[in-house]
Amino acid sequence: MIDLSLAQIAEIVGGRLADVSAEEAAALRVTGTVEFDSRAVGPGSLFLALPGARSDGHDFAAAAVDAGAVGVLAARPVGVPAVVVDPVAAEDGAAGVLEHDTDGSGAAVLAALAKLAAAVATELTAGGLTIIGITGSSGKTSTKDLIAAVLAPLGEVIAPPGSFNNELGHPWTVLRATADTDFLVLEMSARHRGNIAALARIARPSIAAVLNVGTAHLGEFGSREAIAETKSELPQSVPASGVVILNADDSVVAKMAEVTEARVVRVGRSASDRIDVWADDVRLDELARPEFTLHTAEGQIGVSLSVHGDHQVSNALCAAAVALECGATLEQIADALANAGPVSRQRMAVTTRGDGVTIINDAYNANPDSMSAGLKALAWMGREGRTWAVLGEMGELGEDSITEHDRIGRLAVRLDVSRLVVVGTGRPMSAMLNGAVMEGSWGSEATPVADADAALELLRAELQPGDVVLVKASNAAGLGVVADALIAEDGA
């Protein structure tokens, strides 16, 4: 974060000082990071006191200061230097972050955090910082990682780890930026209308990319149209002097050109008069890593990706378009993409053990679109041997949950997956199993198991050298432990 005194922070967020005099607060300067985990605090940090599932951050304030924090952003005095903000009612958008906030203290701290991040972003933007925003129903994290990679040759890049894309992770990421940061890459998610607009107000992007509009969080929004309206809040937030990058292969995304005043750059998988950056001659290697020819107004160049799955081509096109707007050459883009492997955990991470078993760990998140992409990658990688799809529940699909799980079960059969392991006992997983059985009249090829432990036991007993295993579900299903265990138990 930029250098600010505790007194300046109190003024920015509208808080009051506690357990510190005005003179002392003016001398106490935050020169380090802003942290909500007291274990991550270092010299010069600012600690955020937030309620959690097992404990309240206010109880760790003294320990944070002992560890080097200059002070605490809190909702009540904590016995050490603090900026205190009054408890407020949580907005709908923060419900997922503040599920343990029973008294409004967490909402108050998050609101103050947003104000602080907005002030810092405004100052850094005036100093030349370029802010890039990304949204979409799927692929945000992978594309964020690719964008960070292609911008790295051009200057210092700050991007969130994993999927830090909500009311806590977004401002937390903004506050990682300093006067030395050239590019701030922000991933923006939503559970309600207005969420993305609120995030964009904290740090207004001059470049925005919209990847796709699918059915992730359909249960929250109610319809794909409502999801599209929410995603369109990002291009609407970009000023007329900025750039909006749209995936024209998604017709709903392409229409977002109508709602922005910014210049529009379209990317796609085929050439046309309306496409500015496109790919052709797409092919996959034995591990489903795409190769293609990248076409732009500046020329064309061959690209070989280190990430897995045909769907990564669209993500790479968006990353290339962002890099071009920031001044990268085609050679820099191609080199960066060639060396940009999976960064965020449990997202299409491919490991081949010594015994030849290949594990595709994509267990962090799942929705119908990403599940389909994962299954297609599995089918390609295992086309000469046995394939296993170890699948858990896709969350937040609402009334469409049964239909979508049934569809994924049927897709596994159509892609000729050798074995489907359906993990979980609820109605959605029963629908997935039933879909597979009805599509292919399967018997032992589709196996229901109660939980991750049972899935792991089955795999340990039956995996053979050369098998390819996809492990995928929404994070709440906890299937990451299956992939981690299989990788750790190298069969060499």
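At roughly what angle do the axes of helix α12 and helix α13 cross?

Author: The model discussed here is predicted. In it, helix α12 covers residues 312-325 and helix α13 covers residues 330-338. Their axes come within 10 Å and cross at roughly 140°. Angles over 145 degrees would count as roughly antiparallel, and those from 65 to 115 degrees as roughly perpendicular; α12 and α13 are therefore oblique to each other. The crossing of these two helices is right-handed. On the side of α12, the contact is made by A316, A320, A323 and L324. Helix α13 contributes L330, I333 and L337 to this contact.

For context, some aromatic side chains elsewhere may be considered. A search of the whole structure finds three aromatic pairs. One of them joins F36 and W172 edge-to-face, with 6.2 Å from centre to centre and 65° between the planes. F36 lies in the loop between β4 and β5, whereas W172 belongs to helix α6, so the pair ties together parts that are 136 residues apart in sequence. W172 is buried, at a relative accessible area of 8%, while F36 counts as partly exposed at 30%. Together with F164, these two residues form one aromatic cluster.

The charged end of R347 sits over the ring of Y364, at 3.8 Å from the ring's centre. Likewise, R383 places its charged end over the ring of W380, 4.1 Å from the centre.

Definitions and conventions: Residues are numbered from 1 along each chain as its sequence is written. This is a predicted model: local features need pLDDT of at least 70, side-chain atom pairs count only at pLDDT 80 or more; totals for chains, interfaces and linings use all residues. Side-chain values use heavy atoms; hydrogens and water are left out. Rings of Phe, Tyr and Trp (its six-membered ring) pair if their centres lie within 6.5 Å; planes under 30 degrees apart count as stacked, over 60 as edge-to-face and the rest as tilted. Helices (H or I, at least four residues) and strands (E, at least two) are DSSP runs, numbered from the N terminus. Buried means under 20% relative accessible area, exposed over 50%, partly exposed in between (1.4 Å probe, protein chains only). A charge sits over a ring if NZ of Lys or CZ of Arg is within 6 Å of the ring centre and within 35 degrees of the ring normal. Axes are lines fitted to C-alpha atoms, for helices over the stretch in contact, and angles run from 0 to 180 degrees between N-to-C directions. Angles under 35 degrees count as roughly parallel, over 145 as roughly antiparallel, 65 to 115 as roughly perpendicular and the rest as oblique. A crossing is left-handed if the near helix is turned anticlockwise from the far one by less than a right angle, and right-handed if clockwise. Contact means heavy atoms within 4.5 Å.
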